[in-house]
Amino acid sequence: MAYDDNNIFAKILRGEIPCKKVYEDEHTLAFHDINPQAPVHVLVIPKGAYVSMDDFSAKASATEQAAFVRAIGQVALQLGIVDSGYRVLANHGRDGHQEVPHLHMHVFGGRDLGPMIGRPRS
Ligand code: AMP
């Protein structure tokens with residue numbers, strides 16, 4: 001999947017549309033999902049133009065990659081879901097049902113999250 005500069009997260013990064021920010025550093029931004037699937041549902045995104053984990057791991061600098069991983073842990077700590085537990089998930093491509101073609105890690109928490117993978121759509 002090619003990177004599309006007009007995707008919604010690119011617009012958030014450019015300040016063209018708002019977000020409810022949770023965390024930010026030089027390389028990473030985290031904000032609340034607009035359609036939360038759990039009491040805590042935050043998206044962590046790199047500021048660079050990467051579509052997926054494979055793209056990010058191949059092209060991002062070690063500093064960007066370290067910042068991304070650190071941000072995910074920081075968000076979990078900041079939102080108080082470490083003791084109760086949480087889930088980190090990224091959807092990629094067609095089979096992953098990725099909607100936004102800018103790498104994002106979902107961080108879910110605040111309730112029992114159930115089984116890891118649901119049934120496919122028929
Ligand atoms: P995915 O299927 O992994 O690509 O999920 C994309 C996620 O982005 C969904 O959970 C959407 O609810 C979320 N989303 C879409 N637009 C926005 C937005 N403007 N602000 C925050 N989250 C958004």
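A polar contact here is a pair of N or O atoms within 3.5 Å; within protein, one must be able to donate a hydrogen and the other to accept it, and residues adjacent in sequence count only if both atoms are side-chain atoms. The model is predicted: local features need pLDDT of at least 70, side-chain atom pairs count only at pLDDT 80 or more, and totals for chains, interfaces and linings use all residues. Residues are numbered from 1 along each chain as its sequence is written, and side-chain values use heavy atoms, with hydrogens and water left out.

**Ligand contacts**

| Residue | Protein atom | Distance to a ligand oxygen atom |
|---|---|---|
| Asn 91 | polar side-chain atom | 2.8 Å |
| Glu 99 | backbone N or O atom | 2.6 Å |
| Val 100 | polar backbone atom | 3.0 Å |

On its own, the ligand has 510 Å² of accessible area (Shrake-Rupley method, 1.4 Å probe). The protein covers 87% of that area.

**The shell**

The ligand is surrounded by 16 residues (a heavy atom within 4 Å). Asp 33, Asn 91, Glu 99, His 104 and His 106 are the closest. By class, seven are nonpolar, seven polar and two charged; Asp, Glu, Lys and Arg count as charged, Ala, Val, Leu, Ile, Met, Phe, Trp, Tyr, Cys and Pro as nonpolar, and the others, Gly among them, as polar. H1 gives the largest share of the shell, three residues.

**The fold**

From the N terminus, their order is α-β-β-β-α-α-β-β. Along its principal axes, the C-alpha trace spans about 40 × 35 × 30 Å.

Key:
Helix = DSSP H or I, 4+ residues; strand = E, 2+ residues; numbered from the N terminus.
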